[in-house]
Amino acid sequence: MTEPVIKATDLSIGYKFRNKAPRIISTGLNLQLFPGEMVCLLGPNGAGKSTLMRTIAGLQPTISGGIEIDGMPLAALDPGELAKKLSLVLTERIEAGNLSVGEVVSLGRIPYTGWLGKLSDLDQDKINWALSATETTIFQHQKINRLSDGERQKVMLARALAQDTCLILLDEPTAHLDLPSRVEMMRLLHQLARRMNKAILLSTHELDLALQAADKLWVMKNDGSLITGTPEDLVLNGSFEAAFTKSGFYFDKSSGSFTIHQEPSSLNVHVSGDSQIVFWIKRALQREGITALENESADIIINAKEDNGALKLAISCNSEIATHTSIESLINALNLLKRPLN
Amino acid sequence: MAPSVSHKAILTGLAILVVFFFVLDIMLGSVKIPFDQILKILTGQQTDNIAWIFIIEKIRLPKAVTAVLVGCGLSVSGLQMQTLFRNPLAGPSELGITAGAGLGVAAVMLAGGSSASIYAIRQLGVSGSWLIIAMASLGSALVLSIILLIAGRIRDNVILLIVGVMIGTITLSVVSIWQYFSQPEQLQEYIMWTFGSLGGVTQYHLYVLSGVVSFGLLISFASSKALNGLLLGENYARSMGLTIGRTRLIILASTSILTGSITAFCGPIGFVGIAIPHITRSLLGTSDHRILIPGVCLVGTVLLLICDIIAQMPGTQTVLPINVVTSLLGAPVVIWVIISRNNLRSSFS
């Protein structure tokens, strides 16, 4: 059994004040993070994700309990030693646009270089490796402010990799990114955890992506309690859903995604046919508040198939059959049916 | 981050410019001295005119050396402040550090009674110059510490600048009160000092100033790795093993020593500290302090030598105060920095 990279025992986190009692955010935390694992820290805004991240990163003292990083108590590590075990990717935008990508990444070698920061061959190898692992080698000579947000974030990850630590903490690395960049970032992180045996902890609001990519989830609730486990277990036992309950939407266990609640409609519909088209029709129906029934004796039967690359959506209601060629016109037709039935 | 070929080429070009303007600065003045005679004097050979030797060795050479020291020292302290505060508008004169040094100087000149005028102190030789340097550096450190404390709470560049200007104003008011209760002859000395002059530093003082400025520059160059670490912000710097408190202290110390000692001897010289780092960054296109520190030294020196050449108005008997010339050249640069947001954005966003 490998040793955990992060091991928190009976940890309390929060803010200490000079003259007042500390404000405790969360207490009794027992956490473990192993090499090769990617863990996503999820939770609603204000639950204390940042406080936990900052505490593990050593940027903020613990209230009580202990954290061990790579087998050493966090409090006993001096900044130089900690920098060789733990690297960070922060949400804050860096304000040094004049630096080239290569220069930013080489800053990751600061814990290893001498007083003037001269890079050895080994340092240069690590930098080149970090650039290629994050697919940023092509930007090497470009200024950091010429890059898109997604590329910039990959460079910041490369900097953390160049720091050559067993643990990487990322604070909302996918914030400000467009969807393809977010997926790309998650894929990259997961790949790094697996191939390089890194322990990766990231806080995120990307519930869908976290469910797909994370090896484990740490779900923080509004009351500060924290549940850990593999995504699938947490979904099936309902604790994932419980952490994010809010009126207006619900978590659909069968599709693994959050769905916006609509006023339920009285239409009862059954959809059959090509499974791919059926899936997307059901999505469209859901948005209209219509829940598709398994029952084939529903009032309205929709049969979907593809014919020479064109959609053929047959809708039969009261033995009247109409054919539509797009989901849009199908929905319009259903909305017309809604009114008389209501 | 090894200095690339183009950086080396630019730095070499600047070094050649420094030599060129250094010689030009020595050549030009109210008395015309032929170039070959200057070379002879500089290389220690005999010349026909004893007066020329005196002018070169006692007046023009020390003044040119002072210009080099001022150019290096103020530019480096400006660069350090801009990186430390992550603020493009930071500089020794803008954030009131020079005013703090002025307070230290006033404490010596105005409080010490009539015998403690700056010329009297200069007569004291080395010990007097140490006293005035120590007081000016302490004054700078005092203001810098206050601003550093406030900067911890304020992240807004413009607000910090306003606070800096206000602290500078408070410091100057304290000096004004002091002036109000001082003797006219002391006042005249102090006011002459505020115009700034590169010509007042001679003999021992030049040795002392060279030593102190070199020491400050050495500390600064030695902390270039830490300054680079700070480029990504304090949280990143800390995560890379930098001790922020100690780094701040070292930068504070070298900035105060550089600004304090230069201001003590040459008076408050404005706009060099804020303008030179911007010119250098856009010239070299980098934020790496291991290249920027030598870069600002060279650019600062060239600019100060040019200012000194302009100040002595070649061909006339008039000499302008150096502070006037640096402000005339430096203030437009600051305006250019603020207006061309691009230039500002490339380094600070």
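Two residues are in contact here if their C-beta atoms, placed from the backbone, lie within 7 Å, and by that criterion B:Gly233, leaving aside its neighbours within four places in sequence, is in contact with A:Glu92, A:Ile94 and A:Glu95. The model is predicted, and local features need pLDDT of at least 70, side-chain atom pairs count only at pLDDT 80 or more, and totals for chains, interfaces and linings use all residues. Residues are numbered from 1 along each chain as its sequence is written, while chains are lettered from A and ligands numbered from 1 in the order in which they are written.

- B:Gly233 sits in the loop between helix H10 (224-230) and helix H11 (234-239) of chain B, helices (H or I, at least four residues) and strands (E, at least two) being DSSP runs numbered from the N terminus.
- The C-alpha atoms of B:Gly233 and B:Phe85 are separated by 9.6 Å, although the two residues are 148 residues apart along the chain.

**The four-stranded sheet of chain A**

- An open sheet of four strands in chain A has the order S13-S14-S15-S16 with mixed pairing, two strands being paired if DSSP finds at least two bridges between them.
- The edge strands, each pairing on one side only, are S13 (269-273) and S16 (320-324) of chain A.
- Strands S14 (residues 300-307) and S15 (residues 310-317) of chain A pair in the antiparallel sense over eight bridges, and A:Asn303 stands opposite A:Ala314 in S15(A).

**A helix pair in chain B**

- The axes of helix H1 (residues 5-27) and helix H3 (residues 50-85) of chain B come within 9 Å and cross at roughly 145°, axes being lines fitted to C-alpha atoms, for helices over the stretch in contact, and angles running from 0 to 180 degrees between N-to-C directions.
- The contact is made by B:Phe22, B:Asp25 and B:Ile26 of H1(B) together with B:Ile56, B:Arg60, B:Leu61, B:Ala64 and B:Ala67 of H3(B).
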